[in-house]
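Please keep the 3D view open as you go.

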Amino acid sequence: MQTLSLDYPAGAPAARRALAGVVGSGDLEVLLEPGADGRSTVEINTSVDGVNEIWTAVVDRIFADAAQPAVALEINDFGATPAVVRLRIAQAMEQAAGADTGAH
Amino acid sequence: MDYSRHTAVPRPHDLVWIEPDALGEHIAPWALARVAAGQPVVVRRARRDAGRGLPVGVRGAHRGQREAARLEPGRWQALRTPESLAADGAWIEHPRAAAVAAIGAAAGAACLLNAGGWCWGVTGAVGFELATGEPVCHADSDLDVLIRAPERVPRAEARRLARALEALSAPCDAQIETPAGGVALADWAGAAKRVLVKSDAGPFLCADPWSESGSADADRRPSSVAESPSG
């Protein structure tokens, strides 16, 4: 198990908590909490070795816009591809913004 | 492509035995050695462009070691589907059933899934080990199962099945093969409005993988993706 911690400038804290993804191979779990004002943090726990560079590149791109709501993400990765990582983080951000309430 | 039904072509997770020279060039030497030693390759979920060959992956001896490749058209000699492995029930009196919880758990999974009338199969490390005898499973391997569902599975039913599988003696990672692509049972059993579908064209989020207008989500489908290492 490897852990990678990243942080980025951001806007005001996100509106609410969110959870996206599942435990299972090729997927990941994203736990989102509102972050501290002006700063987003991302902590990634991964079972796959040697993927820090890929993760950093993918997450850097997602958080390139410093006007996005501030979030604290905890990610548990089970070998997700970059495309899955992008979709799951986007899903959590949408839920936190109220676009996808998760109600069913 | 819809892999929830029978197709004339190999489907993702099928194991195919091939001729060593059928993978073309640019293959890692370790992967070539595996195939030359008679190990099957696993069909991957990826775009099936004409002339590019069948997407397959070679499973290495080390954990997580995989090599993506393309198989020249028609260059396979034998094929095993996940369902045929389940039908064999090779986990019964398997010598490693005690050492590997995931193999031991297959009997319980079979009881549940057969009783529920599901069309299902064994994939992943357990499927590979049952098919080849190669000890690729380890103590904390998951039991990967595939459930073919050409017809819509109600979310309440998915929740009941997910809960039942949670009681097995090893973690069970179940994937539903829908007409739109593969969806994690845990995802469909959960509360999210949209679930992640793994299709040949890449992953996308979709509210209902059985809906004809899953195409309502068509704008969200990836237009192009790089080769993905897994199915």
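How many helices and strands does the secondary structure of chain A come to?

## Chain A: elements and overall form

Chain A comes to 2 helices and 5 strands in this predicted model. If you trace the chain from its N terminus, the elements follow the order β-β-β-β-α-β-α.

What about its overall dimensions? The C-alpha trace of chain A spans about 35 × 35 × 20 Å along its principal axes. Its radius of gyration is 13 Å, close to the 13 Å that the globule rule gives for 104 residues, so chain A is as compact as a globular protein of that length.

## The helix pair of chain A

Two packed helices are described by the angle between their axes and the distance between the axes. For helix α1 (residues 52-62) and helix α2 (residues 82-97) of chain A, the axes come within 10 Å and cross at roughly 35°. The crossing of α1(A) and α2(A) is right-handed.

To find the contact in the viewer, pick out A:Ile54, A:Val58 and A:Ile62 on α1(A). Their partners on α2(A) are A:Pro82, A:Val85, A:Arg86 and A:Ile89. Sorted by class, the contact of α1(A) with α2(A) has 6 nonpolar residues, no polar ones and 1 charged residue.

## Chain B: elements and overall form

Turning to the other chain, the secondary structure of chain B comes to 6 helices and 11 strands. Its C-alpha trace spans about 45 × 45 × 30 Å along the principal axes. A compact globule with 231 residues would have a radius of gyration near 17 Å, and the 17 Å of chain B agrees with this.

## Annotated regions of chain B

UniProt, in an unreviewed entry, lists residues 11-82 of chain B as "domain: Phosphoribosyl-dephospho-CoA transferase MdcG N-terminal". In the model, residues 11-82 of chain B are 12% helix and 33% strand, with the end C-alpha atoms 10 Å apart.

A further UniProt annotation, also from an unreviewed entry, is "domain: Phosphoribosyl-dephospho-CoA transferase MdcG C-terminal", covering residues 97-209 of chain B. Here the chain is 36% helix and 28% strand, and the end C-alpha atoms lie 35 Å apart.

## Where the chains meet

Now look at both chains together: 22 residues of chain B are in contact with 18 residues of chain A. On the chain B side, the elements that give two or more residues are α6 (185-189) and β11 (202-206). Of the elements, β11(B) gives the most, with 3 residues. By class, the side of chain B that touches chain A has 10 nonpolar, 5 polar and 7 charged residues.

## Confidence

How does the model score? Its ipTM is 0.88 and its pTM is 0.89. Chain B averages a pLDDT of 90, and 91% of its residues score at least 70. Over residues 215-219 of chain B, however, the pLDDT is below 50, and this stretch has 4 contacts in the model beyond near neighbours in sequence.

Residues 223-231 of chain B also stay under 50 in pLDDT. For that stretch the model has 21 contacts beyond four places in sequence.

How values were computed. Residues numbered from 1 in each chain as written. Chains lettered and ligands numbered in written order. Predicted model: local features only at pLDDT ≥ 70, side-chain atom pairs only at ≥ 80, totals over all residues. pLDDT = per-residue confidence, 0-100. Contact = placed C-beta atoms within 7 Å. UniProt positions renumbered as here; feature names shortened; annotations may be inferred. Helix = DSSP H or I, 4+ residues; strand = E, 2+ residues; numbered from the N terminus. Axes fitted to C-alpha atoms, helices over the stretch in contact; angles between N-to-C directions. Left-handed = near helix turned anticlockwise from the far one by under 90°. Nonpolar A, V, L, I, M, F, W, Y, C, P; charged D, E, K, R; others polar. Rg over C-alpha atoms; globule rule 2.2 N^0.38 Å.
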